[in-house]
Amino acid sequence: MLKVFLEGELPLAWFWLVFGLFAGLVFSLELLGVEGSMTLLNMERARSLHISLMLYGSVPLMLSLLPFALFEKDGVLSSNALKHLKRYFAVWNVFLLFMTFALLFGNLRGLPFYDFPYQLNFLLAFSGVFYLLALIDALRSYEHRPLWVNISLVVVMIAPILLIVLMNPQYGQVEKTLIGPHGDNTLGMSFGMLPLYYLLIKLSARQTFTPRGHILWIIPLVGYLVSLIIRNFFHPLSYNEEWFFQYLTLFFVPSLWIWWRDAGLSFKSDPYLFLSIAAFLFVDIQGNILFVPEIRELIHRNDLVIGHAHIAMGIGIAFMALAIMQRILPSVFTKAYAIGWASLVSLMVGALTVAGLIEAGWVDGDVQLLWILRVLFGAILILMIGYMACKHLSIRERTLIGWYHLIGFLSDFGGGLLLLLSGALLFPALGLHFGGTYEYVVFAFMMGTGLVHWFGLSADAMNMAGASAAIRLSVSATFSALYMAGILDEIALLVALYDAAYAMIYVLWLKERA
């Protein structure tokens with residue numbers, strides 16, 4: 001049941017993932033001197049979009065499937081719960097669309113991890129309502145609800161409210177992330193990963209799994225609560241106090257090892273989960289080393305820290321989501337891809353780490369060369385993920401109408417996206433006027449027409465082709481009239497000719513085959 005659901009949601013998840021990685025690649029190229037200031041993906045926006053799509057895109061969406069994978073394992077997942085879950089995914093994807101366009105057009109808050117406009121948090125909170133309904137529907141099938149289920153329900157109930165409050169620019173906590181080392185915040189975020197790892201291990205366990213070593217997570221939890229009391233009611237934490245709370249994260253190392261061993265898991269059967277835990281433990285230990293004042297003073301905000309973040313997100317958290325997807329679609333998310341993905345991210349991080357050591361003055365070397373290597377490994381990773389997506393989304397019936405839709409999707413959606421990002425650069429290069437207003441509306445409309453073709457690839461091919469032809473002819477007639485009236489320039493004529501020609505292919509030939 002969950003397999004069919006994921007099959008339907010995966011195409012959009014692939015897109016957000018690849019687009020987020022592409023934004024990171026563009027940012028890396030711009031660091032090397034590639035000019036991007038005339039595009040929507042200039043350095044500031046590319047960096048913001050990359051981070052935002054990694055933090056709010058496919059990875060958290062797929063992670064949210066975790067309790068439902070456990071529900072399916074327990075035999076309590078219903079079709080009605082999946083209907084609510086589908087609405088949750090739909091609203092979240094709408095949020096991602098609005099967030100992406102906001103960031104592309106420069107609507108930035110200047111915050112490292114929450115750069116999109118605050119108002120969009122209400123969309124996230126709204127999506128949480130459907131997630132809660134999906135949970136409640138599944139919970140009805142339990143005679144005696146497990147503890148993890150009750151905790152998940154409470155978290156989901158309070159999450160939308162916390163989101164709106166904590167993200168508020170006036171009285172929220174987000175603005176405070178700009179200053180200070182925040183060792184206590186690191187402790188809190190690390191602790192937040194532990195329940196997810198517990199549920200993942202429970203999902204993957206080959207034998208009866210009963211967690212042990214509770215003291216190993218109770219001590220860090222108490223430490224985090226104490227840090228909140230001190231910070232909010234007494235005084236700002238000193239560096240040594242933050243350092244102490246940061247070091248409490250080391251208790252998670254033996255805890256995860258004990259759980260992994262007790263569940264009878266192995267790299268052979270659970271490569272994504274193994275690599276995720278390995279990355280988490282590495283980042284935990286490395287982070288505590290980097291917190292040493294003499295080290296932090298030299299490497300803070302340089303490439304070594306960026307590499308640290310890439311291991312945490314690119315393997316640690318991303319592979320948590322991939323571990324869930326491996327359980328649902330094992331034929332797509334194989335061990336070979338896990339090794340390839342982890343290796344490329346590790347090579348990228350290795351290049352950033354050495355660059356950071358050079359920037360700190362500890363070793364000699366060429367930082368530019370290491371940045372080139374980062375771009376190379378990142379590009380290969382995008383190609384590998386693109387290959388995974390194309391292989392999974394391949395068109396099985398290569399009919400004429402199928403090719404018509406595929407070419408229409410690639411030309412309109414792909415072309416519209418290219419023009420949206422770089423129209424301000426391409427138009428003047430082609431001798432065309434670019435006003436930077438209605439053109440973007442046209443590009444967005446192109447992408448919408450391309451999506452009609454996308455839907456035609458999966459179902460109701462002839463009706464979707466007819467709809468796309470009607471849209472194209474209407475657009476063509478409008479643009480040709482505006483061109484002949486002297487209101488719009490040559491670009492209107494090009495749009496009119498292209499849309500009319502592509503529509504007539506269906507009207508004159510393909511329609512007869514219906």
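Predicted model: local features only at pLDDT ≥ 70, side-chain atom pairs only at ≥ 80, totals over all residues.

**Entry 1, salt bridges**

I started with the pair arginine 472 and aspartate 412. Their side chains form a salt bridge with an N to O distance of 2.7 Å. Arginine 472 sits in helix α19 (residues 461-484) and aspartate 412 in helix α17, so I looked up the separation: the pair links distant parts of the chain, 60 residues apart. Both arginine 472 and aspartate 412 are buried. Salt bridges with shared partners also join Arg206, Asp270 and Arg327 into one network.

How many salt bridges are there by this rule? The count comes to 7.

Next I took aspartate 270 and arginine 206, whose side chains meet in a salt bridge at 3.5 Å, N to O. This pair links distant parts of the chain, 64 residues apart: aspartate 270 is in the loop between α11 (252-262) and α12 (271-290), and arginine 206 is in the loop between α8 (183-204) and α9 (215-233). Are the two partners buried or partly exposed? Aspartate 270 counts as buried because its relative accessibility is 2%. Arginine 206 comes out at 43%, and therefore counts as partly exposed.

I then checked aspartate 262 and arginine 212, which form a salt bridge at 2.8 Å, N to O. Aspartate 262 lies in helix α11 and arginine 212 in the loop between α8 and α9, so this bridge ties together parts that are 50 residues apart in sequence. Aspartate 262 has 16% relative accessibility and so counts as buried. Arginine 212, at 41%, counts as partly exposed.

I wanted the span of α14 (residues 303-328). Its 26 residues reach 36 Å from the first C-alpha to the last, close to the 38 Å expected at 1.5 Å a residue. Where does α14 bend? I find a bend of about 40° at phenylalanine 319.

α2 is mostly covered, with 10 of its 14 residues buried. Among the buried ones I noted Arg45, Ser48, His50, Leu53 and Tyr56.

I looked up serine 422 and found it in helix α17 (residues 400-429). Why does serine 422 count as buried? Its relative accessibility is 11%, and the cut-off for buried is under 20%.

What does the side chain of serine 422 reach? It reaches the backbone oxygen of leucine 418, at 2.7 Å. A reminder to myself: an α-helix has 3.6 residues a turn, so residues three or four places apart point the same way.

I also took a C-alpha distance here. Serine 422 and methionine 38 are 384 residues apart along the chain, and their C-alpha atoms are separated by 7.1 Å.

Serine 58 has its place in helix α3 (residues 58-63). With a relative accessible area of 7%, serine 58 is buried. Its C-alpha is separated by 13 Å from that of alanine 323, 265 residues apart along the chain.

Leucine 111 is in the loop between α5 (79-104) and α6 (121-139). Leucine 111 is buried as well, with a relative accessible area of 4%. For leucine 111 and valine 375, 264 residues apart along the chain, I get a C-alpha separation of 25 Å.

Last, the outside. Which residues form a nonpolar patch on the surface? I list Leu473, Met504, Ile505, Val507, Leu508 and Trp509, with about 500 Å² of accessible area together. Helix α20 (residues 490-508) gives the largest share of the patch, 4 residues.

Notes
Residues numbered from 1 in each chain as written. Heavy atoms only, no water. Patch = residues over 30% accessible without salt bridge, like charges linked within 9 Å, V, L, I, M, F, W, Y side chains within 5 Å. Areas by Shrake-Rupley, 256 points an atom, 1.4 Å probe, with all protein chains shown as cover. Salt bridge = Lys/Arg side-chain N within 4 Å of Asp/Glu carboxyl O. Helix = DSSP H or I, 4+ residues; strand = E, 2+ residues; numbered from the N terminus. Expected span 1.5 Å × (residues − 1). Bend = angle between axes of the 7 residues up to and from the residue. Buried < 20%, exposed > 50% of the residue type's maximum accessible area, 1.4 Å probe, protein only. Polar contact = N/O pair within 3.5 Å; in protein donor to acceptor, adjacent residues only side chain to side chain.
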